Amino acid sequence: MFSSAWNFIKRHKKKFIFTGALIGGVYLLGKYAQKKFSEIQEREATEYIAQARRQFHFESNQRTCNMTVLSMLPALKEAIVTQLNSESLTTLLKSKPANKLEIWEDLKIISFTRTVVAVYSTCMLVVLLRVQLNIIGGYLYLDNSVGKSTTVRSTTPLAPPDVQQQYLSSIQHLLGDGLAELITVVKKAVQSSLGSVSLKETWSLLELEQQLNWIRAEVEASSRRSLSWYLLADDENVLADQACGLTENDIMTIKLLNETRDMLDSPDFTTVLKVCLNRGFSRLCDNLAEFFRPRESIFLSAVSLPLAKIIPIINGQINTICSETPSHFVQELLMNDQVKEFAANVYETFSTPQELQK
């Protein structure tokens, strides 16, 4: 019996070897597939956690952006009011001076100028801070990812605290030289549009809106520079001019400023700023409409007010536009979908390791 079995095995030896090898191969292949599947699952879980952490950090950064805008509005308002002080003129008018008409003419120009400047500068502040804080936010995400991801190699901080402070202080250009230049351009446009208009002339809300549109068109057509100049000084090399003794932090700051300028010169930035300006001037007109409320059975378009009555209304709009408490004006800018999308794109760019961008 045993010899018969042995003879059977010898006759079918190759088949047994092949079958054994096949079974062994399937087993090994199964183990390999199981290992690879486990690795894929682990990698997907790691990527999911990293993406969730990144999303959480981004959303937290946007809340910081919103709070920063609101915290800076009082400083912006003060800077505008200091350079366009209509309060001193209204005080003079109360004393019934001999040159009353001349003071009213000055008040007309200053009131319209400071309201238009307030719309422009608030929109600029919202978009500029979205750029700056998302560049910083992206780099901070990478800095905090060191040691948590094999993708991030460098251990040198991309945005140490001193560099952040130095970089974010560039916002002072918008509150200083940039604002002064913007005021000059807007005031010239206001004088061109309204200089010869009588205080007794009456306007409907639509006519007032047309005047504001003409002023805006002239500002954007006659400006010697792009609107981005008002946000960031031309000479980002203010630090580089001090060529002797540039610190590593200075070099990092210059890099951030150059990256910011690239963003401000991009078509996306121009589009988003224009969206904000359109929304800002539209909201201004909505606010002004409250003062043109008709009596019963009279259409809104039929209500007209003399310019002398419109001036105080225009003059007071800065309190709504530059309000540190969230007003409809500021909220609509902060919550605008295109602003959010732009912010996400900036953050995405600067929170992605360089080796993954290549």
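Modeller: Start with one term: a residue is buried when its relative accessible area is under 20%, and exposed when it is over 50%. Y120 has a relative accessible area of 0%, so Y120 is buried. Keep in mind that this is a predicted model. The part to look at is helix α4, which holds Y120.

First, the setting. The chain has 15 helices and two strands. It has 358 residues, and 43% of them count as buried. Take the contacts between residues at least 6 apart in sequence: 83% of these join residues at least 24 apart. The accessible surface is about 20,100 Å². Carbon and sulfur atoms account for 57% of that surface.

Helix α4 covers residues 100-145. Its length can be checked. With 46 residues at 1.5 Å a residue, α4 should span 68 Å. The C-alpha atoms at its ends are 65 Å apart, which agrees. How much of α4 is buried? The count is 39 of its 46 residues, so the helix is largely enclosed by the rest of the structure.

K96 is exposed, because its relative accessible area is 74%. Its backbone is worth a look too. Most residues other than glycine have a negative phi. K96 is not a glycine, yet its phi is positive, at about 50°.

Next, the core. The largest nonpolar core has 97 residues. The members that touch the most others are I80, F112, Y120, M124, L125, I135 and I310. The largest share of this core comes from α4, with 24 residues.

The whole structure has five aromatic pairs. In one of them, the rings of F112 and W203 have centres 6.3 Å apart. Their planes meet at 75°, so the pair is edge-to-face. F112 sits in α4 and W203 in strand β1 (residues 202-204), so the pair ties together parts 91 residues apart in sequence. Both F112 and W203 are buried.

The second pair joins Y120 and F281. Their ring centres are 5.6 Å apart and their planes are at 75°, so this pair is edge-to-face. It links distant parts of the chain, with Y120 in α4 and F281 in helix α10 (residues 267-289), 161 residues apart. F281 counts as buried because its relative accessibility is 5%.

F112 has other contacts as well. Beyond residues up to four places away in sequence, F112 touches V190, L194, W203, L208, L212, I215, L307, I310, I311 and I314.

What else lies against α4? One answer is helix α5 (residues 161-168), in which V163, Q164 and Y167 are buried. Seen down the axis of α5, the buried residues fall within an arc of 105°, so they line one face of the helix. They pack against α4 and α9. On the other side of α5, P161, D162 and Q165 are exposed.

Helix α9 brings in T260. This residue lies in α9 (residues 248-264). T260 counts as buried because its relative accessibility is 0%. Leaving aside neighbours within four places in sequence, T260 is in contact with L128, V131, Q132, I135, Y167 and L232. Among these, Y167 is one of the buried residues of α5, and I135 is one of the core members that touch the most others.

Two more residues complete the tour. N315 lies in helix α11 (residues 307-315). N315 counts as buried because its relative accessibility is 11%. Beyond residues up to four places away, N315 touches S86, S111, R114 and T115.

H57 lies in helix α2 (residues 13-83). H57 and G138 are 81 residues apart in sequence, but their C-alpha atoms are 9.0 Å apart in space.

To recap, α4 is largely enclosed, because 39 of its 46 residues are buried.

Technical notes:
Residues numbered from 1 in each chain as written. Predicted model: local features only at pLDDT ≥ 70, side-chain atom pairs only at ≥ 80, totals over all residues. Heavy atoms only, no water. Phe/Tyr/Trp six-rings, centres within 6.5 Å; stacked < 30°, edge-to-face > 60°. Helix = DSSP H or I, 4+ residues; strand = E, 2+ residues; numbered from the N terminus. Buried < 20%, exposed > 50% of the residue type's maximum accessible area, 1.4 Å probe, protein only. Expected span 1.5 Å × (residues − 1). Core = buried A, V, L, I, M, F, W, Y, C linked by side-chain atoms within 4.5 Å. Contact = heavy atoms within 4.5 Å. Arc of directions from axis to C-beta. Areas by Shrake-Rupley, 256 points an atom, 1.4 Å probe, with all protein chains shown as cover.
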